[in-house]
Amino acid sequence: MPKNRLKTKPKSVTVLWDASYSMYYKQAEKELILISDYLKYLNDVNVKLIVFSNTIINTKNFKINAGNSNQLLTFLKTVNYDGGTSYKSLPKIKPDEIILFSDGLHNLGEIELNKNSKLYCVNSVTSANHELLELLATKNDGKYINLNNESNASALSLIKSEAFQFIGVNHENTLYETYPKPKTVINEDFNFSGKYVQKKPIELLFGYGNEITQRIKVDMTSSATSKTVRRLWAKNKLKYLKINKEENKNKIIDLAKAYHLITPYTSMIVLDRLEDYVRYKIEPPAELLEAYNRRLSQSKVQQQNLIENIADRKDELKDDYDDLRDWYAKDFIVKREKKKRSPRSQKPRINTTSSSKIEITNARDNIVNNWLINNTELDTTKNVIYGTITTLSDGLPLSFSKVVIKGTNTGTQTDFDGKYSINANEGDILLFSYVGMITAEVIVTNLNTYNAALRESDLLEEVVVIGYATTTKQSFTSSASVVTSEQIESKDFSNISQSLAGEVAGVKVVSTSGLPGSSSTFRIRGFGTLSGNRAPLIIVDGIPFTGNSNDINPTDIKTTSILNATTANAIYGSRGAKGVIIITTKAGSLEDEANIKILNEKIIEVSTIKPWDKNASYIEYISEQSSTKASYEAYLKIRETYRSTPSFFLDVADFFETKDRIDLSLRIVTNLIEIDLDNYELIRALAYKLEQYKNYDLAVYVYKAILELRPEHPQSYRDLALAYEANVDFEASIDLFLNIVNGDLLNKDAQEIYYGIEKIAYVELSRLVNMHKGKRLKELRQTYKPIKTDIRVVVDWNHGETDLDLYITNPKGDVINYANKTSKYGGKLSEDMTDGYGPESFWIKKAIKGNYEISVDYYSDSVQKITGPASLKVTIYKNYGKSNEEKEIKVLRLNDNDSKRKVKTITF
């Protein structure tokens, strides 16, 4: 166990005070008590306070005399908690000591500190990045103090004393891959593991900084090699690798597979259907084996076809770039198009509930007889509709998927090969659906063949059950795990603690004495491993339970749900700081139904992401205030009511933008990354705003998060490449652009949703290498010659499944759009994107003098989004690629009833 030793009192202290939105639910009183007690102990000291969230909000200096910190404490009580968290904005400072009050959830930039100052990290938020905070403190000879687990007295003792550390090991080259690594702070019992070449005695070294104060010799002849020890070593190695998670991704995955660990990149494989067995190449039960082999054979053929198709598309890219160069050289229409796209006016409009792809073919005289035979109820004397349903991701047929005429009970299922046939008339609406896929619909016209390619649902990944209620996993913002009575009863334990062991991720069951049959208690992940009361709040049949959890008979339980993070705090305040376990008993589900229903409604209210409401009155309320300051205070007052409505933050940010308070607009919109980091469409809207106001360093951080969430989208790479370039990181930008231009991402876009993005990236890469200096840039200029244009316009959008068109009207009144992609004056439009996230682009090499009107036509958004209609980023260049280039980014949020929307008129 660590030994306390008082440190030398610092003469200057800098307090870094995290005022981001995630700190709203912290235990502020405990933090203020710690500051007060510590400054009283220091007596006379200079304190520099830096309050920050997405940027630095305030900086103040305080001179503490005779331990009196009242002025500092009074000021801290006035701090509002709002915005994302950027450690990157913090200045490099050199006081004797730094105290960081934060939860470690840095979603907009990492911390960079001078190593000359000791760093103490203090946290009082339940859901925090404990590993990062501990790492930061350890690297800077300080300590991590988790106030969730420490009393006021013990917290003060920790910050007054030096960090007791594991300094290293003497082993005469007999050990390798040892964990933990040197300079690890020890706050509790210590365990050391590694691999050995020879069993010789070793010596563990402990002390303070570089001073060794304790040596412990270990006789390796008694070392253990059991599965438990190997797994302990693997967990220690995993903890070390997670410090640099992204760089160590492959190592983490390999370690997880070898030692069966759950990690950020691995999880349980769920085998619910035949496709799952095929995907993971796991042999299924005997009754599915024949179908599995057949599907696997089909998959291999399709995979080979995909490889050949990608090779063909790579060959075509050079022709595409040559065509682009031809246009640039001649200033008129490209002679040939590699892929013909039907004009928008010729394709029937399809109302879809998804991004699934519909193919419509006129084939009245080509009905395949065996398709008709599969449906015994088919009437061949009536109009017959037929087709094939496949998956959009890999083209595999969807056996037994449903085809239903909307509004009726008339329907059919596809056969094993995904084929169907059904009687339907013009005007009928066909619904195509499959479990786990997004449903698509199409209006029957005078055609006979309707093929559908369904996409796996992003909107309904999993259904989470909360008591009697259900909600979708994606819309549920906090952690919820449910254990049923069947799971509990199957374990046959005498107490509830042991019956939940291994059933809920993040819930640990700890024996109080370690003896067989002894009582045990719960601990929920996220509270560190230091000493202190970590027992979660238990709710039984809607009412807080004050007794011993082991007095609850497992056989009486119907369901057990686990809540944590903001949901627990929002409902129960500080009582929920250790997490919440909600138990519904079999008797209570009948007798206390009213209490349970109220609780379930409250959980759903605070936990569920709510959709955009075009009639919301909050903007009217905020705009009625007498000043901008009053409007901001009004926003803070009503924020908790709308915290689960992302569109609220977008709308309010737009309001402050109209008041020229860009600082408040950005602070408010960065809350989006605080409330739902995993919603890539939501945070893409945030990234657009950051680019608009030239916060490129933060935009890079957000686009990196999007790429991690959606590496299968080529647009994710282009977005990040452009942000890197704007942030003057040309090497990183080039690498990403080359991935697109060289066709390395074609395998991610087998359905050609992003067809044409390579040509757009080619133009952008050509501009990059010719406008900036550098050895590598100079070398690439031989391949990527300049493409300079008088005008260039690019539009991107944040919602998938959105059909949006770029319109340019030139000074002569000619309109360039999806149906008329070029003009005799040299204007050119890129490929029409009807899915994905853009981009669409317009170029003209030599612009005629006059006004160019830029508009977008918001044709359709096939899925209702929680953020409302799409956010657009329109980038407008004059003198693109030239020394006098002008660039403007406009970010628009469309109305749900928008048709054509004018963006800007530029004069050339």
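Predicted model: local features only at pLDDT ≥ 70, side-chain atom pairs only at ≥ 80, totals over all residues.
## Cavities in the whole structure

A search of the whole structure finds 6 cavities of 30 Å³ or more, and the largest cavity has a volume of about 90 Å³. Its lining is made up of 12 residues, with Lys759, Lys828, Leu829, Ser830 and Glu831 lying nearest the centre of the cavity. Helix H24 (757-771) and strand E33 (827-829) are the elements that give two or more residues to this lining. By class, the lining residues of the largest cavity divide into 4 nonpolar, 3 polar and 5 charged.

## The second largest cavity

The second largest cavity, with a volume of about 70 Å³, is lined by residues that include Val13, Leu34, Ile35, Tyr38, Phe101 and Ile159. Two or more residues of this lining come from each of strand E1 (12-18), helix H1 (28-42) and strand E4 (97-101), and H1 gives the most, with 4 residues. The lining of the second largest cavity has 11 nonpolar residues, and no polar or charged ones.

## Asparagine 810

Asparagine 810 is found in the loop between strand E31 (802-809) and strand E32 (815-816).

When neighbours within four places in sequence are left aside, asparagine 810 is in contact with Ser823, Tyr825, Asn851 and Tyr852.

Definitions and conventions
Residues numbered from 1 in each chain as written. Heavy atoms only, no water. Contact = heavy atoms within 4.5 Å. 1 Å grid on protein atoms, 1.4 Å probe; cavity = no way out; pocket = protein on both sides within 12 Å on 5 of 7 lines; lining within 4 Å. Points joined across faces, edges and corners; volume = space filled by probe spheres on them. Nonpolar A, V, L, I, M, F, W, Y, C, P; charged D, E, K, R; others polar.
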